[in-house]
Amino acid sequence: MLLVGVAGCGKSTFAARWFVETEVVSSDRCRALICDDPGDQSVTADAFSLLRTLIDRRLRHRRLTVVDATNVKRRDRRRVIGIAEAHGVPAVAVVLDLPLDVCRERDIARPHPVGPEVQDRQFRDLVRTRGQLDDEGYVRVHHITDPDELVTRPVVRVPVDGPAAEA
Ligand SMILES: Nc1ncnc2c1ncn2[C@@H]1O[C@H](COP(=O)(O)OP(=O)(O)OP(=O)(O)O)[C@@H](O)[C@H]1O
Ligand SMILES: [Mg+2]
């Protein structure tokens, strides 16, 4: 399950709300595992290499895997979907397509905001993403535009080996 959304939109909060901690693999967590700082952008290449390794190993063992990264760039999504395809497991996208001002407010309120420049750039990528997802090979794309829906709408699990469940 690929989470897609700009920094501060609530991906990690959503993942923590609905999934067991070990089901969630996170680019920030991988950064922290490598250099003790989840915000250190200088280790991005190694962090994503580690992230892809974790995804690969979990899917090898057919474990539900939630990918907590911004995933707003097609190239980044492609690399993750490629791993799912290699293991023959379905990929689902959950797009946290919340208004930019909601993401701003949430970002400003946190201890280490990424700031509006980063969010603006990622939001432009997200807008592009809206038109790209249909042919990327997901069995389902969930498009969430209502901030409340993230906490109120129950998540239905998609069995890794079975057909996609309706949600
Ligand atoms: N549904 C929600 N309602 C209110 N506040 C929320 C909600 N979801 C997240 N937040 C708040 O928004 C801030 C950002 O959330 P979170 O860290 O989950 O975002 P993120 O998408 O994982 O960001 P990043 O890409 O930087 O990791 C946090 O302070 C969090 O408490
Ligand atoms: Mg996060």
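Colleague: Where is Gln-41 found?
Modeller: Gln-41 sits in the loop between α2 and α3. Helices here are DSSP runs of H or I with at least four residues, strands are E runs of at least two, and both are numbered from the N terminus. Bear in mind that this is a predicted model: local features need pLDDT of at least 70, side-chain atom pairs count only at pLDDT 80 or more, and totals for chains, interfaces and linings use all residues. Residues are numbered from 1 along each chain as its sequence is written, while chains are lettered from A and ligands numbered from 1 in the order in which they are written.

Colleague: Okay, is Gln-41 buried or exposed?
Modeller: Exposed, because Gln-41 has 10 other C-beta atoms within 10 Å. The cut-offs are 20 or more such atoms within 10 Å for buried, 12 or fewer for exposed, and partly exposed in between, with C-beta atoms placed from the backbone.

Colleague: How far is the C-alpha of Gln-41 from that of Arg-31?
Modeller: Those C-alpha atoms are separated by 7.9 Å, with the two residues ten apart along the chain.

Colleague: Which residues are buried in α2?
Modeller: In α2, residues 27-35, they are Ser-27, Cys-30 and Arg-31. Down the axis of α2 these fall within an arc of 105°, so they line one face of the helix; the arc is taken from the directions from the helix axis to the C-beta atoms. An α-helix has 3.6 residues a turn, so residues three or four places apart point the same way.

Colleague: And what covers the buried residues of α2?
Modeller: The cover includes β2 (24-26) and α3 (44-60). Contact there is C-beta atoms, placed from the backbone, within 7 Å. Just after α2, Asp-36 takes a positive phi of about 70°.

Colleague: Switching to ligand 1: which residues come nearest?
Modeller: Gly-10, Lys-11, Ser-12, Thr-13 and Arg-106, out of 17 residues around ligand 1. Being near takes a C-beta atom, placed from the backbone, within 6 Å.

Colleague: Which helix gives the largest share of the shell around ligand 1?
Modeller: That's α1, with three residues. Both α1 (11-18) and α7 (149-152) supply at least two each.

Colleague: Zooming out, how many helices and strands in the protein chain?
Modeller: Seven helices and five strands, running β-α-β-α-α-β-α-β-α-α-β-α from the N terminus. Of the 167 residues, 31% count as buried.

Colleague: What box do the C-alpha atoms fill?
Modeller: Roughly 40 × 35 × 30 Å along the principal axes.

Terms used. Contact = placed C-beta atoms within 7 Å.
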